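Here are a few exercises to work through with the model open on your screen. Have a go at each one before you read its solution.

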Amino acid sequence: MRRTSRNFRIRGAAGRHGPVLPSRRAVRAAAALVAGVLAVSLTACGGDDDGGGDDKGKASGDTGTTVTLPKLDGQTLEVAAVWTGAEQKNFKQVLAEFEKRTGAKVTFVPAQDPIINFLGSKIAGGAPPDVAMLPQPGAIKQAVERNWAKPLGPEATKELAKNYSQGWQDIGKVDGKQYGVYYKAANKSLIWYNAQVFENAGASEPKTWDELLNTAQMVYDSGVTPFSVGGADGWTLTDWFENIYLSQAGPEKYDQLAKHEIKWTDPSVKEALTTLAEVWGKKDYLAGGPDGALQTEFPASVTQTFTGGDQPKAGMVYEGDFVQVNIGETKAEVGTDAKVFPFPAVGDTPPVVSGGDAAVILEDSEAAQALVTFLASPDAAGIQAKLGGYLSPNKNVPESAYPNEVQQKMAKALVDAGDDFRFDMSDQAPQAFGGTPGKGEWKALQDFLKNPSDVAGTQAKLEADAAAAYGN
């Protein structure tokens, strides 16, 4: 997968990209975000900025009390997640609020990736956590198939239906039954840019693919290479493809390809690869050319875009909201020096590809059901939203709960996608095809980056590897 948020590669959302799926990440299609200058600096995972609003206490992350919870004095719960650092610290503030409201005692259990293996060990030892945060639909399905996961009760299901689009509800279901609440999400449909480079080039934020190509030419003409691509990490390349394919082919085709119900030799794949080659096929558009891109790992693809003054190695870099973590390793300030726009529309609508982490009950109890009900509410999400480094698919979390304009826009794009968002495709695929370095989709797209003229050969290789991995 890629990073999601947890890893803040985190690998992607995970391993490969950052955090999100157990070692992978995560998807969606939304309306264009508000254009314009992002003047607010982002404090990654911090809560000391003055962005957001003061409306009814929301600046402090308080969305009020929208959900009624039972009194649980004397009851204890364990919650397992792979989150570390600020991400874990911020989530613990959410758990502390649950303790305050209910009287229950909640312990956070640090897990390792892949979390399914970690949970298997805990369950075999007779000590499963009550609730686990699972990073991909496949992990929820595995937990159900192994009889680990317990269905959500009526209160949690009601809260989920009130606050989430049908699409986000559905990816937490297995065989039509609700098992997961996607508490955290990643917006992986963003292009970050060096504000000084754009200013020098006279470029503005593009909204369509053709406008992106024109912007790239303007940046190139100003003396700066347009794009930085972390091709050494194959997951970044799958994300490029997924955004183009979702916008161009549409959600239905995306779903079919994700399940291998249509072949990678389908004309829609040819069209997406041909479109992708409009960037990858121009050697001068890539920092270091194709060979350099294939030697550049994801973190470096970000940092080299925001170092070097007004002559960085590239003017733009594609990836999700977690890019802000890597920008934090430079002197650039998000919102001032480093800005962001939604991945441009290739077809009728701009894509929003996402990943996320869902709360799943392993040990059913009144307290576990209450906690998941709380996590499905804007009360819980609002607390973590104001701390930074977090996005919620909960449509009733006010934009003002987020600490600054940058994160408000990312959250808006995610929610505006409604039911048209899609989860990271490679994270839905068997690991042998969608998540293994040097193999499957990662390797095929790395080869395509090196030789973007070989569309047919790339399709044939993708189909052969997919057929072997899916077994059909």
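**Exercise 1: a loop asparagine**

Asparagine 394 sits in the loop between α15 (378-385) and α16 (405-416). Keep in mind that this is a predicted model.

Task: decide whether asparagine 394 is buried or exposed, and find which residues asparagine 394 touches.

Solution. Start with the accessibility: the relative value for asparagine 394 is 1%. The cut-off for buried is under 20%, so asparagine 394 counts as buried. Next, look around it: leaving out residues up to four places away in sequence, asparagine 394 touches Asn163, Tyr164, Ala376, Ser377, Pro378 and Val415. Finally, check the side chain, which reaches the backbone nitrogen of asparagine 396 at 2.9 Å.

**Exercise 2: a loop threonine**

Solution. Then take its relative accessible area, 13%, which makes threonine 330 buried. Beyond four places in sequence, threonine 330 touches Thr303, Phe306 and Thr307.

**Exercise 3: two helices**

Task: describe how α10 and α19 cross and which residues meet there.

Solution. The axes of α10 (residues 267-280) and α19 (residues 440-450) come within 10 Å and cross at roughly 50°, so the pair is oblique. The crossing is right-handed. On the α10 side you'll find Leu273, Leu276, Ala277 and Trp280, meeting Leu445, Phe448 and Leu449 of α19. Sort that contact by class and you get seven nonpolar, no polar and no charged residues.

Definitions and conventions: Residues are numbered from 1 along each chain as its sequence is written. This is a predicted model: local features need pLDDT of at least 70, side-chain atom pairs count only at pLDDT 80 or more; totals for chains, interfaces and linings use all residues. Side-chain values use heavy atoms; hydrogens and water are left out. Buried means under 20% relative accessible area, exposed over 50%, partly exposed in between (1.4 Å probe, protein chains only). Contact means heavy atoms within 4.5 Å. Axes are lines fitted to C-alpha atoms, for helices over the stretch in contact, and angles run from 0 to 180 degrees between N-to-C directions. Helices (H or I, at least four residues) and strands (E, at least two) are DSSP runs, numbered from the N terminus. Angles under 35 degrees count as roughly parallel, over 145 as roughly antiparallel, 65 to 115 as roughly perpendicular and the rest as oblique. A crossing is left-handed if the near helix is turned anticlockwise from the far one by less than a right angle, and right-handed if clockwise. Ala, Val, Leu, Ile, Met, Phe, Trp, Tyr, Cys and Pro count as nonpolar, Asp, Glu, Lys and Arg as charged, and the others, Gly among them, as polar. A polar contact is a pair of N or O atoms within 3.5 Å; within protein, one must be able to donate a hydrogen and the other to accept it, and residues adjacent in sequence count only if both atoms are side-chain atoms.
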